[in-house]
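Morning, everyone. Please look at the model first.

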Amino acid sequence: MPLPTGRLDPAKAVARLRSLVSIDALLTDEERMVRDQVRAFVAREVLPHVGRHFEDKTFPLDEARRLGSELGLFGCTLPPEYGGSGASHVAYGLANQELEYGGSGWRSMLSVQSGLVMYPIHAFGSEAQRRRYLPRLASGEIIGCFGLTEPNSGSDPGSMRTTLRRRGDGWVLDGAKAWITNGSAADVAVVWAKDDDGRVRGVLVERGTPGFTARDETHKYAMRASITSALSFEDTPVEEDGILPGARSLGAPLRCLNQARYGIGWGALGSACFTLEHALGYALEREQFGSPIAAFQLQQEKLAWMFAEVAKAYLLALHVGRLKDAGSLEHVHVSLLKRNNVWMARECARLAREMFGAYGVSGEYPIWRHLADLEAVYTYEGTHDVHTLILGEALTGIPSFRRDPA
Ligand code: TGC
Ligand code: FAD
């Protein structure tokens with residue numbers, strides 16, 4: 001049977017797809033420049049190696065420091081005196097998108113260091129804490145992590161059991177944190193704990209502090225190319241200058257989450273672009289029943305769905321980014337972005353996985369890696385359910401996170 005006429009060459013089809021979903025005309029020169037620099041870095045340094053890291057459960061930490069030292073991405077929206085460049089939040093979002101095109105672990109590296117470590121030190125830290133940590137975090141010389149989740153406290157961080165108790169002139173920290181990105185690699189951990197009055201406080205704990213240990217999560221089938229650890233604090237001494245003075249309630253860590261969730265909303269888009277482009281290329285090449293599978297309507301429906309969702313997700317991310325740059329962002333916008341774009345990316349990865357048939361579950365092709373990682377991304381930084389309830393509360397005024405104790 002002759003092959004369908006007019007079939008696009010896979011490389012041309014991907015180029016055409018990119019131009020159809022392009023938002024270039026809506027970006028500034030600076031934003032395009034950041035996007036293109038990160039895209040080139042990912043093509044050169046990430047894509048050739050990320051599959052092997054996923055299989056081996058390793059993360060190239062020293063390569064990742066270059067996101068700071070070479071690309072200036074860590075904390076790039078902060079002012080220059082703290083190592084940032086005052087970049088727009090849209091530029092930062094585009095960097096997340098390009099990194100997650102390579103792999104979710106790389107985007108995690110950026111969003112944790114910037115949104116969950118540098119942001120709280122800048123927003124809630126003393127001037128001395130800012131000067132001590134931010135420039136070195138920005139350059140990638142030191143790495144940070146963020147400890148909020150505990151073994152028995154995930155979606156409900158207000159139920160945390162880690163304590164920060166007064167002892168003499170100082171304090172002691174006791175408790176355990178679970179599933180902490182970069183935990184064992186961190187030079188400094190931002191740890192959330194309840195003080196003697198039950199208020200949530202933020203503590204900076206440096207590697208090597210007595211009683212502080214980190215152990216990597218070994219049975220992990222998502223985010224394998226990313227470090228995830230359990231942290232333990234036993235009678236860990238904390239000096240007054242290790243406490244973030246501006247953080248005195250659960251609202252403080254939740255404000256940090258808004259930063260990271262924003263980056264994830266853009267990042268998921270990058271993952272979706274990757275799986276869509278690869279599904280399109282594969283469908284045009286793979287032949288069954290005498291035709292490329294791209295000729296079958298059932299496969300075209302999958303591609304059309306992915307294309308439409310990616311195009312809409314771009315516009316949502318850009319809209320939320322522009323609101324953030326204008327200072328008029330509400331946290332409900334961030335939940336809308338994280339919830340929609342991660343769900344959309346996970347659906348794209350699932351459809352791409354189907355289209356690749358058996359090769360979709362093979363480590364020799366990159367689709368499974370993205371799908372597995374997105375399962376974790378769907379859960380961390382507020383599960384899909386939690387963001388649904390945040391939207392529900394914003395619409396109705398009725399919080400429905402907890403049942404009445406009746
Ligand atoms: P609730 O009583 O609603 O709120 C407590 C206080 O916080 C304020 N608030 C927020 N402020 C800023 N941004 C937000 N998104 C906020 N949400 C709430 C709120 O106004 C209140 O302020 P105040 O002044 O009245 O005290 O708190 P709740 O206990 O009912 O919980 C609400 C809920 C469920 C939405 C929240 O706890 C939540 O978001 N849970 C999900 C937990 C989560 O996302 N954990 C993520 C851990 S970090 C992580 O996953 C990193 S992955 C890293 C990687 O990329 O590798
Ligand atoms: P649970 O909260 O126990 O939820 C279990 C299920 O119940 C979910 O489906 C959830 O949606 C549902 N559920 C819970 N409450 C409700 C409700 N009120 N209504 C309806 N359904 C509900 N945390 C950090 O602090 N720092 C990190 O760096 C970090 N990195 C991570 C990296 C990875 C790879 C992973 C997988 C997790 C990471 N986390 C981190 C933890 C992550 O934030 C939590 O896993 C997440 O918040 C969910 O908590 P949980 O896993 O305890 O699930």
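Start with helix 9, residues 251-285, and helix 10, residues 297-326. Their axes lie 10 Å apart, and the packing angle is about 155°. The cut-off for roughly antiparallel is over 145 degrees, so helix 9 is roughly antiparallel to helix 10. The crossing of helix 9 past helix 10 is left-handed. Keep in mind that this is a predicted model.

Which residues in helix 9 meet helix 10? On the helix 9 side they include Tyr262, Trp266, Leu269, Cys273 and Leu276. On the helix 10 side, Met306, Phe307, Val310, Tyr314 and Leu318 are among them. Sorted by class, this contact has 18 nonpolar, 3 polar and 1 charged residues.

Next pair. Helix 7 covers residues 104-124, and helix 8 covers residues 127-139. Their axes come within 9 Å and cross at roughly 160°. Helix 7 and helix 8 are therefore roughly antiparallel to each other. Helix 7 passes helix 8 in a left-handed crossing.

In helix 7, the contact residues are Gln113, Val117, Met118, Ile121 and His122. They meet Gln129, Arg130, Tyr133, Leu134, Leu137 and Ala138 in helix 8. By class, that is 7 nonpolar, 3 polar and 1 charged residues.

Hold on to Arg130, from the helix 8 side of that contact. Its side chain also forms a salt bridge with Glu127, at 3.3 Å, N to O. The two sit 3 residues apart in helix 8, so about one helical turn separates Arg130 from Glu127. Is Arg130 buried or exposed? It has 18% relative accessibility, so Arg130 counts as buried. Glu127 is partly exposed, at 36%.

Now the other salt bridges. How many are there? The count comes to 30. Glu63 and Arg66 form one of them, at 2.7 Å, N to O. Arg66 is buried, with 18% relative accessibility, while Glu63 is partly exposed at 31%. Both belong to a network of salt bridges that links Arg44, Glu45, Glu63, Arg66 and Glu70.

Last one: Asp187 and Arg207. Their side chains meet in a salt bridge at 3.6 Å, N to O. Asp187 lies in the loop between strand 3 and strand 4, and Arg207 in the loop between strand 5 and strand 6, so the pair ties together parts that are 20 residues apart in sequence. Asp187 is partly exposed, at 23% relative accessible area. Arg207 also counts as partly exposed, at 47%.

That's my tour. Thanks.

How values were computed:
Residues are numbered from 1 along each chain as its sequence is written. Chains are lettered from A and ligands numbered from 1 in the order in which they are written. This is a predicted model: local features need pLDDT of at least 70, side-chain atom pairs count only at pLDDT 80 or more; totals for chains, interfaces and linings use all residues. Side-chain values use heavy atoms; hydrogens and water are left out. Axes are lines fitted to C-alpha atoms, for helices over the stretch in contact, and angles run from 0 to 180 degrees between N-to-C directions. Helices (H or I, at least four residues) and strands (E, at least two) are DSSP runs, numbered from the N terminus. Angles under 35 degrees count as roughly parallel, over 145 as roughly antiparallel, 65 to 115 as roughly perpendicular and the rest as oblique. A crossing is left-handed if the near helix is turned anticlockwise from the far one by less than a right angle, and right-handed if clockwise. Contact means heavy atoms within 4.5 Å. Ala, Val, Leu, Ile, Met, Phe, Trp, Tyr, Cys and Pro count as nonpolar, Asp, Glu, Lys and Arg as charged, and the others, Gly among them, as polar. A salt bridge is a side-chain nitrogen of Lys or Arg within 4 Å of a carboxyl oxygen of Asp or Glu. Buried means under 20% relative accessible area, exposed over 50%, partly exposed in between (1.4 Å probe, protein chains only).
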